[in-house]
Amino acid sequence: MFSICALGGMVTNMKILVFSDSHGRLGHMMDAMERERPRRVFFLGDCYRDGEALRNAYPDVPMELVRGNCDWDKAPDELLVEAEGVRFFLTHGHRFYAKSGTDRLVDAGKRKGAAVVCFGHTHQALNQPEQGVWLLNPGTAGGVRSRPGYAVVTVREGTYRAELR
């Protein structure tokens, strides 16, 4: 927590967990929820029902979920959300051919006015700026073809910091 004495109040960081590609393996996500205690969650698909199970297990934590290429649920393919003045574009990534590069994701993020583009699909973690947009891929929460991982985004008053874990 940060104290803003002149304003007579407190300004706190918002911790957001970002998950993708759990593929039916919820254990690492549940462990991360207990360890990190986030105020919000972004779930980027594959498997959408895992995101719903997480939402049911933690009903007091707001969650945004998009579906991936393995999901047939009636759910959004992408979302544009804001947290503490930071705009996030959420997508699984398959509709932007993420396995072939990030140019389409960058272009979409810029068109939507997003500071951060969150995507999955590749199962490869990524946390870097590209052409004026921050790209964040948490890797695979289920540990499919790669070690299990997730991302933590801390936002406060229009600023953000992203970490892979």
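Visitor: What makes Asp 77 and Arg 95 a salt bridge?

Guide: In this predicted model, the closest N and O atoms of Asp 77 and Arg 95 are 3.4 Å apart, and since a salt bridge asks for a side-chain nitrogen of Lys or Arg within 4 Å of a carboxyl oxygen of Asp or Glu, the pair counts as one. The pair links distant parts of the chain, with Asp 77 in the loop between S5 and strand S6 and Arg 95 in the loop between strand S7 and helix H3, 18 residues apart.

Visitor: Why is Asp 77 called partly exposed?

Guide: Asp 77 has a relative accessibility of 22%, and because buried means under 20% and exposed over 50%, Asp 77 falls in between and counts as partly exposed.

Visitor: How do you know that Glu 78 and Lys 112 meet in a salt bridge?

Guide: Their side chains come to 3.1 Å, N to O, which is within the 4 Å that the term requires. Here, too, distant parts of the chain are linked, for Glu 78 lies in strand S6 and Lys 112 in the loop between H3 and strand S8, 34 residues apart. Glu 78, at 31% relative accessibility, counts as partly exposed, and Lys 112, with a relative accessible area of 28%, is partly exposed as well.

Visitor: Are Arg 40 and Glu 64, which form a salt bridge, buried or exposed?

Guide: Arg 40 is buried, and so is Glu 64; their closest N and O atoms are 2.9 Å apart, and the pair joins strand S4, where Arg 40 sits, to strand S5, where Glu 64 sits, 24 residues apart. The structure holds ten salt bridges.

Visitor: Why are Cys 47 and Cys 70 not called a disulfide?

Guide: A disulfide needs a pair of cysteine sulfur atoms within 2.5 Å, whereas the sulfur of Cys 70, the nearest to that of Cys 47, is 6.2 Å away, and Cys 47 is therefore in no disulfide. A search of the whole structure finds zero disulfides. Cys 47 counts as buried at 7% relative accessibility, while Cys 70, with a relative accessible area of 39%, is partly exposed.

Visitor: What makes strands S9 and S10 a pair?

Guide: Two strands pair if at least two bridges are found between them, and five bridges join S9 (residues 126-130) to S10 (residues 133-137), so the antiparallel strands meet that requirement.

Definitions and conventions. Residues are numbered from 1 along each chain as its sequence is written. This is a predicted model: local features need pLDDT of at least 70, side-chain atom pairs count only at pLDDT 80 or more; totals for chains, interfaces and linings use all residues. Side-chain values use heavy atoms; hydrogens and water are left out. Helices (H or I, at least four residues) and strands (E, at least two) are DSSP runs, numbered from the N terminus. Buried means under 20% relative accessible area, exposed over 50%, partly exposed in between (1.4 Å probe, protein chains only).
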